[in-house]
Amino acid sequence: MHEKTESTMTDSTPARLGFIGTGTIAAAIVEGLALSGEEPILLSPRNADIAARLSDRFSHVGVANDNQAVLDQSDLVILAVRPQIADSVLEDLKFRPDHRILSLIATVSLARLREWTAPAATVVRGVPLPPVARGEGPTPIFPPDKEARALFDRLGTAIELADESAFDIFTAASATMASYFAFAHSITAWMQRHGTDAAQAHRFVAQMLKGLSETAAIAPDAGFAALADEHQTRGGINEQVFRTVTRDGVIDNLDHALDDVLRRLRPE
Ligand SMILES: NC(=O)c1ccc[n+]([C@@H]2O[C@H](COP(=O)([O-])OP(=O)(O)OC[C@H]3O[C@@H](n4cnc5c(N)ncnc54)[C@H](OP(=O)(O)O)[C@@H]3O)[C@@H](O)[C@H]2O)c1
């Protein structure tokens with residue numbers, strides 16, 4: 001990692017990256033990129049604490065005075081503000097035709113982004129996930145784009161999608177992250193209620209889920225349904241829990257939740 005004390009520079013001239021919105025996902029990207037390079041990065045001043053922390057830590061990261069200054073000194077502009085304020089933030093900004101725009105704003109379509117960022121010629125959408133901070137994120141992008149693909153391949157794996165409907169499906173699927181952790185929490189909370197030490201419960205559940213994720217990753221041809229089948233002994237305790245949560249609709253109800261997210265992503 002290229003921390004503040006190091007001064008190695010690559011020979012080629014890298015694109016200058018600018019972030020509009022310096023929050024959770026922007027910080028994860030800045031940290032992840034620093035694992036493999038140190039192209040100049042300019043952050044918008046909000047959030048002030050996160051921007052200061054990143055610029056203190058990395059010598060190639062600076063903080064602009066305002067959002068327009070980010071645009072004026074960047075080639076690739078990454079939009080990482082919340083959807084609710086995106087319109088009002090972007091309408092005040094002056095984009096250039098040669099700007100490349102990478103929007104992470106989950107609920108704003110490509111057509112709308114093109115209107116908001118005109119006359120910028122290139123606009124791409126991406127849904128990076130927090131593990132990009134460790135270079136371990138799968139990132140759907142739309143439309144396919146060489147520069148965005150290279151960037152997200154450095155942060156894990158870019159998944160290029162040829163149409164926006166497919167991109168929306170991946171975006172909706174990524175909305176299961178919090179539920180995944182809530183699922184893990186309900187197991188550890190139950191263990192603690194039965195007297196297990198909190199740290200031991202956390203270690204056990206985290207390692208179990210990590211191991212199971214690796215099982216799925218190294219056997220991509222085995223579908224998750226087949227893995228669910230493989231991981232329950234007939235008449236055993238896994239089968240018992242699986243039956244109960246299935247009977248109670250816990251699994252099927254995810255479909256409804258994801259359908260609702262998809263409707264939100266496609267309001268028109
Ligand atoms: N988190 C994820 O896992 C994830 C994944 C993929 C995509 N996204 C998308 O990325 C976007 C950001 O998500 P996030 O989780 O990083 O949210 P976040 O932590 O709330 O970050 C958004 C940042 O925007 C800043 N901001 C507010 N007003 C601003 C303005 N006028 N100009 C510039 N910046 C301003 C906020 O600063 P203050 O704190 O000072 O208000 C905040 O730090 C969202 O559109 C989300 O859909 C997030």
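**Figure 1. Helices and strands of the predicted model.** The protein contains 12 helices and eight strands, and the coordinates shown here are those of a predicted model rather than an experimental one. Along its principal axes, the C-alpha trace spans about 65 × 50 × 35 Å. Of the 268 residues in the protein, 37% are buried. Among the contacts with a separation of 6 or more, 52% are accounted for by residues 24 or more positions apart. The protein exposes about 15,400 Å², and carbon and sulfur atoms supply 56% of that area. Its side chains include 25 positive and 36 negative ones, and the centres of these two sets lie 2 Å apart.

**Figure 2. The surroundings of the ligand.** The ligand is surrounded by 22 residues, of which Ile25, Arg46, Val81, Arg82 and Pro128 are the closest.

Figure 3. Helix 1, which runs through residues 24–33, is largely enclosed by the rest of the structure, because eight of its 10 residues are buried. The buried residues are Ala26, Ala27, Ala28, Ile29, Val30, Glu31, Gly32 and Leu33, a set in which the charged residue Glu31 is listed together with Ala, Ile, Val, Gly and Leu residues. The packing partners of these buried residues are strand 1 (17–20), strand 2 (41–43), helix 2 (48–57), strand 3 (61–63) and helix 6 (146–154).

**Figure 4. Val81 in the loop between strand 4 and helix 4.** Val81, one of the residues closest to the ligand, is placed in the loop that connects strand 4 (76–79) with helix 4 (83–91). Its relative accessibility is 14%, and Val81 therefore counts as buried, the cut-off for that class being under 20%. When neighbours within four places in sequence are left aside, Val81 is in contact with Ile20, Gly21, Ala86 and Ile105. Ser103 is 22 residues from Val81 in sequence, and their C-alpha atoms are 9.1 Å apart in space.

Figure 5. Thr117 belongs to helix 5 (residues 110–117) and is buried, with a relative accessible area of 0%. A polar atom of the Thr117 side chain lies 2.8 Å from the backbone oxygen of Leu113. Apart from neighbours within four places in sequence, Thr117 is in contact with Leu79, Phe95, Ile101 and Val123. Not counting residues up to four places away in sequence, Ile101 touches Val77, Leu79, Phe95, Thr117, Ala120, Thr122, Val123 and Val124. Ile101 and Asn67 are 34 residues apart along the chain, and a distance of 14 Å separates their C-alpha atoms.

**Figure 6. Two cis peptide bonds, each beside a loop residue.** The peptide bond that leads from Arg46 to Asn47 is cis, with omega near 0 degrees, and Asn47 has its place in the loop between strand 2 and helix 2. Arg46 is also among the residues closest to the ligand. A cis peptide bond also joins Ala118 and Pro119, where omega is about 10 degrees. Pro119 is found in the loop between helix 5 and strand 6 (122–126).

**Figure 7. Lys210 in helix 9.** Lys210 lies in helix 9, which comprises residues 198–218. With a relative accessibility of 47%, Lys210 counts as partly exposed. Lys210 and Val261 are 51 residues apart along the chain, and their C-alpha atoms are separated by 27 Å.

Note on methods. Residues are numbered from 1 along each chain as its sequence is written. This is a predicted model: local features need pLDDT of at least 70, side-chain atom pairs count only at pLDDT 80 or more; totals for chains, interfaces and linings use all residues. Side-chain values use heavy atoms; hydrogens and water are left out. Helices (H or I, at least four residues) and strands (E, at least two) are DSSP runs, numbered from the N terminus. Buried means under 20% relative accessible area, exposed over 50%, partly exposed in between (1.4 Å probe, protein chains only). Contact means heavy atoms within 4.5 Å. Accessible areas come from the Shrake-Rupley method with a 1.4 Å probe; for residues, only the protein chains shown count as cover. The place of a charge is taken as NZ of Lys, CZ of Arg, CG of Asp or CD of Glu. A residue is near a molecule or strand if one of its heavy atoms lies within 4 Å of it. A polar contact is a pair of N or O atoms within 3.5 Å; within protein, one must be able to donate a hydrogen and the other to accept it, and residues adjacent in sequence count only if both atoms are side-chain atoms.
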